[in-house]
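Let's take a walk through a protein structure together, one piece at a time. Keep the sequence and the 3D view side by side as you read.

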Amino acid sequence: MTTHLPAKHAETGGGRDLKKADEAALLDLLETLEHKHGFIPREISEELTRVIEVRLERLRRIQGKLDSTIRRDVKVHVARWREEEGNLIMILHAIQNQHGYVPREVAMELARELGVKLARIYEVITFYHYFRLQPPGAHSLTVCNGTACYLKGSADLLNESRSRLGVSEGQTTADRQFQLEVVRCIGCCGMAPAVVVDGQTHGRVKTSDIPGLIEAAKKQESKK
Amino acid sequence: MIKARINQIDVEVPEGTSILDAARQVQVKIPTLCKHKDLLPTAACGICIVRNKGSNKLIRSCCTPLENDMEITTHDHDIVDVRRATLELILSNHPQACLNCGRNGECELQSLAADFNIPMESIKRYVRDTPPDTSTGSIVIDFEKCIKCGRCIQVCQEMQNVWALSFLDRGINTRMAPAGDITLAESPCVKCGQCSAHCPTGAIVENDETPAVWEALHDPEKVCVVQIAPSVRVTLGEAFGLPPGTNLTKKLYAALRRLGFKAVFDTNFSADVTIVEEASEFIQRFAHKRGPLPLITSCCPSWTDFMEKNHWDFIDNFSTAKSPQQILGVLAKTYYAEKMKIDPAKLYMVSIMPCTAKKYELSRTEEMYASGHKDVDVSLTTRELARMLKQSGIDFLNLADAEPDSVLGEYSGAGTIFGATGGVMEAAIRTAYFYATGKKLEKVEVDAVRGLDGVKQGEISVNGAKVRVAVAHGLANVEEVLNRVRAARKAGQELPYHFIEVMACPGGCIGGGGQPYGVDNKRRTQRSAGLYQDDRDCPVRHSHENPEVIRLYKEFLGQPLSDKAHHLLHTQYTARPVYQR
Amino acid sequence: MKPLSRTDLEALARSPASDPAEWIRVQLDTGGIAAGAEIVFNEINRIRLERQLPIALLRAGSVGYSFADPVVEVQARGMPRVHYGRVDAQVAGRIISEHCGTHQLVDEHVIATRRRSLTLTDPVTHILVRDTGPESGNKTEFFQFSLTEELKRRGLAGKVQVVRALDMGVYDKGIVVQLLPSAVTYANVLASDVARIVTKSVAGGKVLEELLWKETDKQVRVVLRNCGAIDPDSLEDYLGRAQGYQGFRRALLELTPEQVIGELKASGLRGRGGAGFPTWLKWQLTRAQPAAQRYVICNGDEGDPGAFMDRSVLESDPHSVLEGMMIAAYAMGSSQGYFYIRAEYPRAVERIERAIVQAREAGLLGENILGTGFSFNAKVRLGAGAFVCGEETALIASIEGKRGSPSPRPPYPSVRGLWGKPTAINNVETLASVPAILLRGGAWFAGLGTESSKGTKVFAVTGKVRNAQLVEVPMGTTLHDIVYDVCGGVLDGKDIKGVQTGGPSGGVIPSQHLDTPISYETLQKLGSIMGSGGMLVMDQHDSMVEVAKFYLRFCVDESCGKCAPCRIGGYQMLQILDRISRGRGSPADLVTIRRICSAMQKASLCGLGQTAPNPVLSTLRYFDEEYKAYLEGGPSYARKMSRASTAEPAREPAKPAVAP
């Protein structure tokens with residue numbers, strides 16, 4: 001059974017690796033049993049079937065609920081913009097505002113609801129750097145790379161951020177904690193070089209400030 | 001009319017003519033890599049730049065209409081230098097793997113590079129490592145060779161309305177690919193291969209299966225037999241420098257035998273069988289009201305794939321008769337094998353098709369194994385066959401004529417016109433008319449369904465009843481026809497059509513995705529003309545009068561639509577919604 | 001707000017609203033908020049409510065002093081009206097208790113007014129002082145001390161306060177002193193002048209001619225006329241205090257569309273987005289197209305890194321842009337307008353959306369406006385992070401919901417634009433100028449600027465400049481005046497190397513050409529362009545190869561990828577530049593670069609590709625020796641060479657001009 005849940009919801013199973021481990025353990029157990037008895041005892045196979053059915057049912061319910069939420073949300077967005085010509089980008093903005101990115105399931109539902117080809121939707125999403133296809137990190141660190149910030153050392157800030165977070169711009173750390181972004185210009189040229197952490201702008205930032213900014217943002221989370 | 005000068009030559013063209021086209025009229029060739037005669041200019045490559053007097057800027061001749069009193073220079077030192085630099089840039093973003101590329105010798109980029117005599121690389125090569133997409137088995141996309149001209153995308157989206165390919169990302173990362181990280185097979189692709197027919201480079205080519213065929217031919221255990229599709233006879237010559245439309249049927253038989261095929265069949269024969277089945281189906285539905293109307297033709301695998309993906313509300317309207325390729329395959333491995341006492345397991349059936357989707361059709365459903373084996377083992381495109389002939393050392397054009405192998409070789413004029421848009425309809429009308437009235441049509445040519453208009457309509461009076469037919473080719477034209485039917489159904493009105501023919505490729509099979517490169521409407525017309533001439537030259541012009549067809553039913557199948565015929569010659573369809581992932 | 005009638009509008013023209021007696025205006029634009037303006041606003045509000053002070057707390061956009069964000073303007077009884085910069089919560093508290101309470105200016109935060117007076121009209125109450133010379137020998141405190149001592153000696157200690165100013169608006173003129181409230185300004189003041197200033201001017205009310213700084217401010221505010229002075233969220237404020245919608249009223253009620261176009265023609269206004277196409281002509285061409293619908297689009301997709309004038313205007317004075325669009329729509333016969341604004345400018349989007357709602361409620365948008373039969377509506381469309389969408393055909397594609405790839409021209413948008421209809425696309429700054437032109441006449445506007453380039457232009461001056469800020473000057477002002485007289489020169493008193501104008505499409509103008517009067521033509525002659533008005537100041541230490549690389553990388557990132565010369569040319573050139581800047585280039589690389597530049601300029605489809613080589617070409621033209629130095633000896637050698645002309649030690653990281 002394959003279910004393609006958006007990454008956000010996939011966490012319910014405790015991550016893919018764990019599932020694999022479960023699976024392996026179960027298969028091992030079955031093999032031992034078979035080896036011992038020459039067959040899998042009926043009560044065990046029945047019990048297994050029951051457990052799997054329950055799991056499956058639960059998954060189907062989640063998937064169904066997910067599908068209907070997606071459908072409802074997309075309907076709302078489309079209804080808002082239905083009458084407007086050239087509405088695709090505005091709807092994508094609305095979707096990204098809601099999810100933080102454009103999940104594939106939502107894009108597919110949008111294609112159906114709006115009568116626009118999925119290929120067209122992807123052409124648009126991937127053209128505009130504002131739209132994301134991957135879920136954002138819990139925190140964001142954005143380095144301004146406007147000219148003023150550049151002349152005042154934004155490249156060093158970016159390098160430092162890259163090495164501190166271990167990802168390059170446009171990426172999110174493996175633990176989904178931090179995403180690193182570069183922005184053309186946030187218009188705070190008076191306080192160059194500037195860095196935005198979780199929406200909060202910091203001006204006249206030095207390379208040595210970066211680790212502190214990252215740590216502070218992480219702490220912010222643990223307080224919550 | 002617009003009057004202007006190009007390279008100091010007076011030129012007069014209708015308003016709206018591009019500088020590029022105007023120049024061609026006065027024998028001035030402006031090179032281009034992205035403009036294709038079938039398509040609107042994308043203005044992508046930047047090679048076709050020219051200069052208008054009094055302006056510093058260079059303009060793109062592909063998309064700039066000629067204006068009165070323009071004085072265009074197409075070649076001077078500066079222009080050629082810019083063109084050369086641009087070409088060098090394009091080459092710097094393209095692998096230098098010409099020798100083992102599917103387009104070697106036929107590549108527009110390669111020939112332009114040769115014209116310009118581009119020296120050793122002056123700009124360091126940058127090609128992003130990307131594995132090719134071989135998922136469909138029909139078409140192979142080698143992303144690294146893509147020059148982003150946008151032809152395939154226009155073809156896929158506008159001409160075919162398939163929307164499998166799209167431009168993703170931007171800047172140097174711009175790529176042509178299906179939407180999202182999915183394979184072409186998982187995309188809405190219907191394998192029509194029009195992208196490959198329009199690609200200027202080797203970025204999209206047919207899946208080359210000639211090695212498998214060579215191997216089979218050299219395998220003493222196998223009895224290799226072959227069939228050639230209607231349109232192939234009038235297009236293959238182009239690969240050998242003959243004008244489009246030259247009919248090479250009999251040389252082709254000879255050449256295929258020389259290649260080592262034990263028997264050479266003609267798909268035109270099975271086209272006649274298809275017509276017999278399909279016309280019978282039509283009469284059942286139209287005259288006996290058994291089954292829904294309109295009846296829709298199903299011999300084009302891209303079209304059936306497209307219908308299953310996008311228009312499955314018409315499944316019941318589809319003719320269940322298999323395509324000629326599959327019918328010939330199954331008959332070869334049953335009827336012919338029985339007759340010749342050959343173990344069908346040893347029979348190896350190769351089909352020569354104008355089409356990349358035929359490769360997909362071979363294993364479309366389990367009915368494609370009706371003989372108990374894979375009915376057709378390999379399907380080659382015209383282009384692949386041309387390469388095989390060139391490799392074989394056969395002086396193809398100077399061969400003596402030969403005849404096809406009996407019992408699956410004889411054909412009628414109705415079978416041969418299958419290769420052109422409207423041909424299936426015309427052939428079906430000829431036979432259906434006879435079935436319904438017991439009389440032959442007074443005029444066998446049905447002009448209303450001929451020609452290159454996207455949607456053609458006609459009306460035939462049968463026993464006083466009007467039969468309304470429609471013919472669409474180029475998948476983008478299909479929706480219009482289907483929507484008319486849907487609208488009538490919804491409104492409870494009389495159906496606009498009783499019989500619909502659809503061919504995925506513009507022009508029908510003569511414009512197929514596996515045909516020799518360089519297709520445009522002029523060639524489509526020439527190729528069709530070749531088929532219609534073949535029809536006229538045929539002594540028998542009705543499928544049901546084909547003596548071998550008559551014999552087939554008498555000896556093997558019984559009646560059209562008999563149980564046996566159903567078992568062997570018919571198939572079914574299922575909805576396959578796109579984007580399961 | 002109730003719908004306005006013609007008479008309401010006419011009444012507003014005659015009797016503008018008046019300000020409350022005491023107020024504090026906080027500049028809440030993106031730059032200000034990033035620097036903490038909201039915290040300041042809330043703090044002031046808290047204190048005000050707590051102490052039940054009768055001080056009005058007002059919101060505004062930015063006046064343009066980016067270097068001093070957050071900026072607060074204060075009007076208190078018996079006090080000169082001043083701007084405070086670099087305000088935080090603590091300073092806000094002091095402003096209330098000291099400025100409003102004890103009538104003391106707050107030290108180190110006052111930005112001296114640029115409206116300097118030549119006569120002492122009122123008795124001196126406050127003296128601003130600042131050493132405008134090099135940072136190293138700062139004598140500000142010394143002069144504050146001696147002035148205070150001198151005042152004490154004359155028995156004026158309690159009456160006149162001496163404060164250190166954050167910024168004087170006069171630069172590199174030694175000690176500068178400003179006497180408030182008249183704003184008489186003395187420059188190059190010496191210690192020996194202190195006594196005279198106190199006796200003659202403070203006590204005697206006489207102006208010391210020999211010290212008097214007579215030069216008036218180089219800035220003329222047309223586009224920025226209301227920025228920082230009105231509440232961008234208030235239509236009442238715009239109507240009552242900024243002659244709001246009076247230009248529109250005049251156009252609609254007193255002029256024919258042809259006359260409006262005529263007025264624009266008389267003004268000589270040219271597009272401020274970069275290319276400088278005459279605005280009247282664009283309107284006329286669009287008007288001339290027979291069509292049932294025409295569109296007017298405001299291009300607010302400001303994308304040049306370092307340019308933020310459009311954002312600032314949209315955030316600070318949205319109604320004037322909307323009014324400009326309405327006038328344009330009336331002139332060309334359009335009933336539908338679109339604001340295309342970067343999604344990265346949420347505040348600008350929010351404010352323009354609010355302005356549209358307010359104008360609709362007031363009956364200034366909608367059907368049959370003011371009973372004239374003219375109907376017009378405006379909508380906002382968001383950009384999504386694509387610089388190329390500044391190009392007109394790409395912008396149109398984007399509004400249509402497609403990839404923002406440019407398409408070939410002709411057809412021009414004025415013939416076949418949005419959804420195939422005639423469309424005029426105007427830049428934010430252009431539209432913001434229009435109401436002023438209608439209000440004051442085309443001739444007045446044409447009186448500003450030069451023969452070919454009329455009016456004023458807003459520049460966002462950033463980089464190694466002392467005061468990064470928005471500047472609006474008449475065309476024809478020299479780069480030197482902008483950098484030195486308005487923005488205070490180069491940071492840390494270093495030598496200037498050049499100024500990049502026009503952003504990634506522009507070029508570097510080297511120091512020897514700084515005296516050129518700015519116009520579309522002169523900049524082009526120097527290998528640059530006006531562009532949207534970004535101005536990047538570079539000092540002797542900045543590597544021109546690196547700067548060229550920076551801009552080129554930007555263009556490579558932003559290339560739409562449609563046409564080969566731009567897509568591949570930009571990328572390949574960047575690779576070569578990168579090689580050179582790492583000391584691995586060869587002389588042949590420079591030849592290849594020039595060939596690629598030529599191909600990009602001549603064979604690219606749109607302006608982005610055609611102009612992308614400009615930063616490279618202009619640095620090659622003026623700083624050829626830097627490239628050669630990289631080729632010869634790599635980056636460190638090149639840095640040494642580029643520094644050779646200035647006899648300075650290795651630099652420290654740049655410090656802000658003024659300690660916060």
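This is a predicted model: local features need pLDDT of at least 70, side-chain atom pairs count only at pLDDT 80 or more; totals for chains, interfaces and linings use all residues.

Start with one pair of residues: Ile24(C) stands opposite Leu57(C), which belongs to strand 2 of chain C. Residues are numbered from 1 along each chain as its sequence is written, and chains are lettered from A and ligands numbered from 1 in the order in which they are written.

Now widen the view. Strand 1 (residues 23-27) of chain C runs parallel to strand 2 of chain C, and five bridges join them. Both sit in an open sheet of nine strands with mixed pairing, in the order 2-1-3-4-5-7-6-8-9. Strand 2 (56-60) and strand 9 (184-189) of chain C are its edge strands, each pairing on one side only. Across strand 1, strand 2 and strand 3 (72-75) of chain C lies helix 3 (residues 37-50), at about 160 degrees to strand 1. Such angles run from 0 to 180 degrees between N-to-C directions, with axes fitted as lines to C-alpha atoms, for helices over the stretch in contact. Two residues are in contact if their C-beta atoms, placed from the backbone, lie within 7 Å.

How is chain C divided? Its domain assignment gives domain 1 (20-111), domain 2 (115-216), domain 3 (235-446), domain 4 (448-540) and domain 5 (546-644); domain bounds come from an automatic or database domain assignment. The centres of domain 1 and domain 5 of chain C, taken over C-alpha atoms, are separated by 46 Å. Look next at Val461(C): leaving aside its neighbours within four places in sequence, its contacts include Ala468(C), Ile482(C) and Met535(C).

Chain B has an open sheet too, made of four strands in the order 12-17-16-15 with mixed pairing. Strand 12 (295-296) and strand 15 (455-462) of chain B each have a single partner strand, so one side of each is left without a neighbour in the sheet. Strand 15 pairs with strand 16 (residues 465-473) of chain B in the antiparallel sense over eight bridges. One bridge partner pair there is Gln457(B) and Ala470(B). Helix 16 (residues 478-491) of chain B lies across strand 15, strand 16 and strand 17 (499-503), at about 150 degrees to strand 16.

Finally, turn to chain A, which has nine helices and four strands. Chain A is divided into domain 1 (7-127) and domain 2 (139-223), whose centres, over C-alpha atoms, are separated by 33 Å. Where does chain A touch chain B? That contact takes 10 residues from chain A and 10 residues from chain B. On the side of chain A, helix 5 (104-114) and helix 6 (118-127) each supply at least two residues, and helix 6 gives the most, with six residues.

How values were computed:
Two strands pair if DSSP finds at least two bridges between them.
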